[in-house]
Amino acid sequence: AAGAEELRTALASVSEQLAAAKSKIRSLETKAGIARSKAAEPPSLASREGARSLEARLQDALARIETLEQELASHRGRGKREAAGRGGGTEYTVSFKKLKSDDYRLDPFVQNMLRRLCECCNMTFEAAAMANDLVIAMHTRSEVTAVMQINATNVKNAYVRLGCLDDFEEKQARRAAPGKPFANASDAGNKEGGEKQMMMFSEWDDTVGEPVLVPGSAAALSGDQSAKNGSDVILAEIERRGYSRTDLAQTLSDGALPVAGERGEMQRVIDRCREGSPVDAPVQRAVKETCAIHGKALEEKHGLEAGYPGTYLCELTRLVWECFSVRGGNSALFRRIWTAECGLPGKFYDHFLGSLPEPTESKWQILYEVCRRLTMLCVKHPAVLVGGWMIEDFLNRCLSLLRGTVDTAMPQKAGQHGCRDKIEIIAGAVGERDFVAAMFMLVDLWEENFASFHKAMRSPSEFGGFKHGHIRHEMAVHSLGDLAYYDAAVEDPKKALPSFFKFIESSHRRGFAEVMTDTKRKDLIKRAIKCIEVMREQHIKWNGTTWTHARHLLGALTSSSYGQLTAGWVLEQLGEGAALASARGAGPTPQARDAVGELLRAKLLEREADGELAAEAAAWGLTRPAVIGELLTMATGEKTFSESATPLLFTEMTKRLFIGLATNLYLESTVSVLTLLVKRHPQAHSLTINHVFRFRMKLEDERAALQAAGMRASCGGALRAAAQFEAARKAPLKGHRNLAQRQELVRRSLAQASSYVYARFFSRPKDGSGVAQLVAAERAAHDKAQAALPEAKVDALKATCFCGPTGRRRKAAQTTQTCRGVLQPLAAPGAKVAASRFNRVKAGAKEGKKAQRERERERRAHPPNRRKKRITERGRNKLIEKSDAARRPKPAKARAAPTRLPSSRKAAAAATQKAAAAAGSDSESDAEGSDGGGSDSDFSDDNSDSEEEEGEEEE
């Protein structure tokens with residue numbers, strides 16, 4: 001006892017001295033820093049002496065700290081050995097792996113901080129080790145000793161060791177409290193490093209009072225993890241996480257047939273979990289369901305393909321993105337044309353064209369955003385007096401300028417710009433109006449229906465505020481809301497698609513011709529109706545079937561809009577109608593019934609008819625008197641669904657609906673996380689990747705602040721850390737893979753940081769050498785250089801677009817109306833178009849231009865008679881009479897004798913030629929008069945009114 005007391009006293013004394021020394025060192029560091037940054041001028045002799053004294057005191061203090069730390073470590077080591085020898089006590093019995101000496105150890109606190117450093121900064125293992133050195137050097141303003149350094153292996157081991165410890169404790173906690181239902185969500189596919197089965201588990205957490213997600217393993221722990229072995233992988237992970245097979249309540253997957261089919265892997269998981277389970281186990285009522293977002297995507301995909309067969313809309317918007325977006329590489333040139341040549345605001349181009357996201361049919365929200373921005377350009381700008389839409393004027397000007405070349409030194413490249421053919425296709429699609437109508441239709445569908453659905457899938461639940469797709473108890477209301485929208489759209493498409501019908505009903509006169517003809521208007525309406533009908537069919541097939549079973553309909557009890565109505569209907573179907581009527585009496589009026597309420601009532605009656613509602617009510621225990629009482633209080637409006645007001649219903653809802661998942665959205669996001677981790681640690685073991693992945697997913701609340709990093713990592717060599725350190729001293733500096741080289745990097749960093757002139761950094765000298773002045777000048781020069789190149793390119797196009805190098809005038813530029821002939825006609829609504837890896841619109845335009853060139857070549861070979869007109873009956877008769885008269889032989893005319901004879905033979909020949917030419921011209925004029933004789937009323941220039949007047953004259 002006396003020895004222990006003496007040891008504690010010594011430890012306390014040394015700790016106090018160490019704290020005082022560290023406080024003093026911080027003060028000295030501050031003073032030394034002030035001395036270093038006094039002024040930009042060379043320091044005086046006195047200031048040099050003061051700086052030297054401060055540096056000497058600083059070094060003495062550092063040596064004192066090192067001595068105290070060694071003394072403290074020796075005391076702790078002696079106390080640990082004495083406690084172990086006595087066989088008692090737990091404070092000093094834990095031993096940690098030593099790094100390089102007895103003075104420094106990696107305890108769990110340090111290892112956890114290393115994990116967080118690596119994740120919060122998106123670092124590799126080696127980058128985290130180097131960051132540790134730089135942080136120490138930044139705060140101490142001195143070189144880093146080998147004792148204070150860590151290596152990449154220490155960071156990697158922190159993940160593995162603490163990850164194994166966390167998994168073991170979680171597994172033990174689950175096995176200690178069995179009987180808690182859980183749900184499983186999985187997604188198989190070709191991920192980084194081969195096929196993997198990504199998994200998530202959902203369970204109820206009593207400490208937070210809501211369902212939580214538990215990430216599954218991300219390593220290939222089961223050998224072949226392809227879809228055909230999905231059930232084996234999922235069952236192995238259930239055992240690894242400590243769950244009981246009998247507690248499985250739901251499996252969620254996408255709509256792939258091998259996984260979600262009647263004999264798919266999800267059904268096999270449930271069947272194998274039921275083997276040997278008790279009759280009343282949760283797994284006996286487990287169900288397989290499909291992701292609601294996947295079902296909605298199928299509605300969108302099939303609907304748009306039915307209205308506009310193929311990937312018509314996606315292919316055309318992608319052409320726009322390739323030409324005009326920043327990622328296309330030509331945005332600076334076209335922005336100059338937009339502003340300087342068309343006189344349109346540059347902000348419009350930046351927002352509606354320059355910043356377009358890449359359209360893809362796998363992400364419909366991005367396609368909607370592209371269409372929404374492009375439709376904003378289908379209006380006339382008020383500042384432009386003459387012209388059409390902004391997008392039309394811009395495309396016409398681009399087509400006119402792109403006849404030239406951006407390089408005046410190479411005139412042979414005129415008209416060969418890489419975007420010219422694409423712009424012709426876009427211009428033709430805009431002029432044809434099918435493309436614009438399709439964009440308006442998609443914008444209406446998204447804003448009227450899709451936007452609210454996807455927002456609900458990505459938002460916390462209305463009841464409980466549950467996150468990550470835990471809205472299974474609200475899916476019946478969302479599904480029936482979509483069905484109500486489709487029913488109303490089929491009945492009145494004009495109300496469901498307001499901007500689409502406003503677009504097609506407006507006038508589109510271009511070049512004295514109406515583009516939006518009645519035939520085209522009827523075709524576009526037919527396509528929109530076909531799109532809505534197919535969407536409705538797909539909704540009934542997927543989400544309308546998956547989320548309208550009796551268990552989901554009972555989830556409407558939690559709804560603030562339909563909870564009271566649902567409680568009353570359930571009581572009526574349970575045979576408690578009389579009790580409900582007496583309980584209501586003169587109470588508050590039930591909630592109003594809208595279209596969704598009517599569909600909810602119809603679905604409940606349908607489930608009552610097929611017996612599913614009765615079976616579900618028996619499983620939930622809804623016929624118990626206490627539960628009947630809770631339903632009565634809800635039906636009369638006295639209480640609403642909550643844990644305190646309806647505890648029995650809340651408990652059943654927790655086990656059967658709250659823990660379930662409605663979407664795989666969170667699981668899909670883990671695929672990108674795993675891909676990033678595999679790229680960041682390409683040589684790491686799969687178990688290490690697994691622990692890094694699971695720790696990353698636990699930091700879900702902090703993921704929004706993380707930034708991606710593209711640094712690489714390596715796993716080091718086979719030598720021990722000490723041997724690597726000694727071997728690296730003689731090696732040249734090639735990187736920061738070992739400790740000695742990292743020390744050299746820190747020395748260089750300190751030398752570079754000390755070389756800057758502080759006065760220039762914080763002041764604004766007259767010569768413009770201040771930091772703020774240099775930055776402003778650099779930005780101004782950059783902006784000027786960026787604007788000069790597009791301006792020169794546009795000037796070159798303007799100089800070469802009208803005339804070639806020989807002065808010959810170029811062919812007239814095409815417009816949005818003349819480019820309409822390039823496109824192939826759209827397939828009929830509902831037609832099946834074979835899938836293709838290529839852009840079908842571009843391929844069709846290529847064939848259209850080929851046919852156009854053939855027609856042009858034929859026209860040049862056989863030019864049409866432009867003077868030919870449609871002739872009336874009377875004019876034709878007159879023409880026949882005059883042609884017959886012209887064929888009759890005419891009497892010869894007597895020639896008058898010349899007044900005088902030419903004086904020479906040459907003059908006589910000239911006079912003879914002149915007389916012959918005069919006679920020939922007279923005969924030609926006579927022939928023209930005989931062929932074209934007759935008044936203007938004899939011919940009609942495609943005018944029916946002239947024909948009617950001619951008929952009246954004949955009468």
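The protein chain holds 38 helices and nine strands; helices (H or I, at least four residues) and strands (E, at least two) are DSSP runs, numbered from the N terminus. This is a predicted model: local features need pLDDT of at least 70, side-chain atom pairs count only at pLDDT 80 or more, and totals for chains, interfaces and linings use all residues. Residues are numbered from 1 along each chain as its sequence is written, and side-chain values use heavy atoms, with hydrogens and water left out.

Start with the whole chain. Of its 955 residues, 40% are buried (under 20% relative accessible area; exposed is over 50%, partly exposed in between; 1.4 Å probe, protein chains only). Take contacts (heavy atoms within 4.5 Å) between residues at least 6 apart in sequence: 73% join residues at least 24 apart.

Next, select residues 125-140 and 152-176. These are helix 4 and helix 5, packed at an angle of about 115° with axes 7 Å apart. Axes are lines fitted to C-alpha atoms, for helices over the stretch in contact, and angles run from 0 to 180 degrees between N-to-C directions. Show the side chains at the contact: Phe125, Glu126, Ala128 and Ala129 from helix 4, and Ala152, Val155, Lys156 and Tyr159 from helix 5.

Stay here and pick Arg141, in the loop between the two helices. Its phi is near 55°, positive in a residue other than glycine. Arg141 is partly exposed, at 47% relative accessible area.

Thr688 counts as buried because its relative accessibility is 6%. Leaving aside neighbours within four places in sequence, Thr688 touches Phe125, Lys156 and Val160.

Jump to Arg433, in the loop between helix 15 (420-432) and helix 16 (434-458). Arg433 is not a glycine, yet its phi is positive, about 80°. Its relative accessibility is 0%, so Arg433 counts as buried.

Select residues 248-253 for strand 4. Six of its six residues are buried, so strand 4 is largely enclosed by the rest of the structure. Two strands pair if DSSP finds at least two bridges between them. Look for Ser253 opposite Thr290 of strand 5.

Finish at helix 28, residues 647-658. Its 12 residues put the end C-alpha atoms only 14 Å apart, short of the 16 Å that a straight helix would reach at 1.5 Å a residue. The expected span is 1.5 Å times one less than the number of residues. Buried residues here include Leu649, Phe650 and Met653.
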